[in-house]
Amino acid sequence: MAALYHIGDDGSRAERWELDEKPVVVGRSGQAKVSIEDEGLSRRHFLILRDGEDYVIKDLNSRNGTWVAGRRVFAEKLHNNDCILAGHTVFLFAARPVLSTAAGKPLMGPHGTVMISAAPRPERIPFQAILWQCNSASGTQATPGSSNEC
């Protein structure tokens with residue numbers, strides 16, 4: 001099952017939504033399944049829907065456009081780890097959410113040691129890496145706080 005992550009300003013995965021057979025609308029409206037407070041987002045900004053085994057993103061005639069991997073898109077097949085920019089909000093599409101264990105088996109260290117986590121920590125993705133991914137396809141140089149958008 002795929003997932004959509006809202007990437008926080010510090011690069012952490014701030015929120016997560018499961019994507020299944022039902023289309024998911026993203027926007028700033030409280031009626032959108034994924035509702036984000038961002039004045040750069042339209043009330044109904046984009047839609048992610050299932051198309052066979054694939055997921056497709058469709059811009060819903062948004063004011064500021066929807067950008068995937070640094071390119072403005074109107075309808076596009078999503079790929080694992082695609083960076084999505086809508087308004088001032090960055091999302092990450094994950095076709096296969098990362099699991100800490102394989103088939104429910106604990107992680108094993110050297111000599112059969114069972115590895116456990118002391119405390120769950122949110123996965124962090126450096127904001128610069130997200131910008132680099134967005135910019136690599138468009139050839140622009142955006143930095144946090146600049147007016148350049150990917």
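User: A strand is a DSSP run of E that is at least two residues long, and strands are numbered from the N terminus. Which strand holds Thr89?

Analyst: Thr89 lies in strand β11. Keep in mind that this is a predicted model.

User: Why is Thr89 called buried?

Analyst: Its relative accessibility is 5%. Buried means under 20% relative accessible area. The value falls under the cut-off, so Thr89 counts as buried.

User: What makes the link between Thr89 and Asp38 a polar contact?

Analyst: Their side chains are joined at 2.6 Å. The limit for a pair of N or O atoms is 3.5 Å, with one able to donate a hydrogen and the other to accept it. Beyond four places in sequence, Thr89 is in contact with His6, Ile36, Asp38, Leu41 and Ile84.

User: Why is Thr66 called buried?

Analyst: Set its value against the 20% cut-off. Thr66 has a relative accessible area of 0%, so it is buried. Thr66 sits in strand β7, residues 66-68. A polar contact of 2.6 Å joins its side chain to that of Asp59. Beyond four places in sequence, its contacts include His45, Phe46, Ile57 and Ile84.

User: Glu21 now. Is Glu21 buried or exposed, and why?

Analyst: Exposed. The relative accessible area of Glu21 is 59%, and exposed means over 50%, so Glu21 passes the cut-off. Glu21 lies in the loop between β2 and β3.

User: What makes the link from Glu21 to Arg50 a polar contact?

Analyst: The two side chains are joined at 3.3 Å. That is within 3.5 Å, so the pair qualifies. How far is Glu21 from Gly52? They are 31 residues apart in sequence and 9.4 Å apart in space, C-alpha to C-alpha.

User: What makes β1 and β11 a pair of strands?

Analyst: Two strands pair if there are at least two bridges between them. Five bridges join β1 (residues 2-7) to β11 (residues 89-94), so the test is passed. The two run antiparallel. Leu4 stands opposite Phe93, and Tyr5 stands opposite Leu92.

User: Which strand pairs with β1 over six bridges?

Analyst: That is β2, which runs antiparallel to β1. Ala2 stands opposite Leu19 there. In the hairpin of β1 and β2, five residues lie between the strands, and Gly11 takes a positive phi near 90°.

User: How many residues of β1 are buried?

Analyst: Six of its six. Ala2, Leu4 and His6 point one way, while Ala3, Tyr5 and Ile7 point the other way. Why two directions? In a regular strand the side chains alternate between the two faces of the sheet.

User: Why are β2 and β8 called edge strands of their sheet?

Analyst: The sheet is open, with six strands in the order β2-β1-β11-β10-β7-β8 and antiparallel pairing. β2 (13-19) and β8 (71-73) each have a single partner strand, so one side of each has no neighbour in the sheet. The twist averages 30° from one strand to the next.

User: What is the strand order in the sheet of five strands?

Analyst: That open sheet runs β4-β3-β5-β6-β9, with mixed pairing. Its edge strands are β4 (34-35) and β9 (75-77), since each pairs on one side only.

User: What makes β3 and β4 a pair?

Analyst: Two bridges join them, and at least two are needed, so they pair. Their sense is parallel. Gly27 stands opposite Ser35 in β4.

User: Which residues have the most contacts inside the largest nonpolar core?

Analyst: They are Leu4, Leu19, Phe46, Ile48, Ile57, Ile84 and Phe91, in a core of 21 residues. Strands β1, β2, β3, β5, β6, β10 and β11 each supply at least two of its residues. Apart from it lies another core of eight residues, among them Ala3, Tyr5, Leu85 and Leu92.

User: How many helices and strands does the chain have?

Analyst: One helix and 13 strands. Buried residues make up 41% of the 150 residues.

User: Where does pLDDT stay under 50?

Analyst: Over residues 140-150. pLDDT is the predictor's confidence on a scale from 0 to 100. The chain mean is 79, and 65% of its residues reach 70 or more.

Conventions. Residues are numbered from 1 along each chain as its sequence is written. This is a predicted model: local features need pLDDT of at least 70, side-chain atom pairs count only at pLDDT 80 or more; totals for chains, interfaces and linings use all residues. Side-chain values use heavy atoms; hydrogens and water are left out. Helices (H or I, at least four residues) and strands (E, at least two) are DSSP runs, numbered from the N terminus. Axes are lines fitted to C-alpha atoms, for helices over the stretch in contact, and angles run from 0 to 180 degrees between N-to-C directions. Buried means under 20% relative accessible area, exposed over 50%, partly exposed in between (1.4 Å probe, protein chains only). Contact means heavy atoms within 4.5 Å. A nonpolar core is a set of buried Ala, Val, Leu, Ile, Met, Phe, Trp, Tyr and Cys residues joined through side-chain atoms within 4.5 Å.
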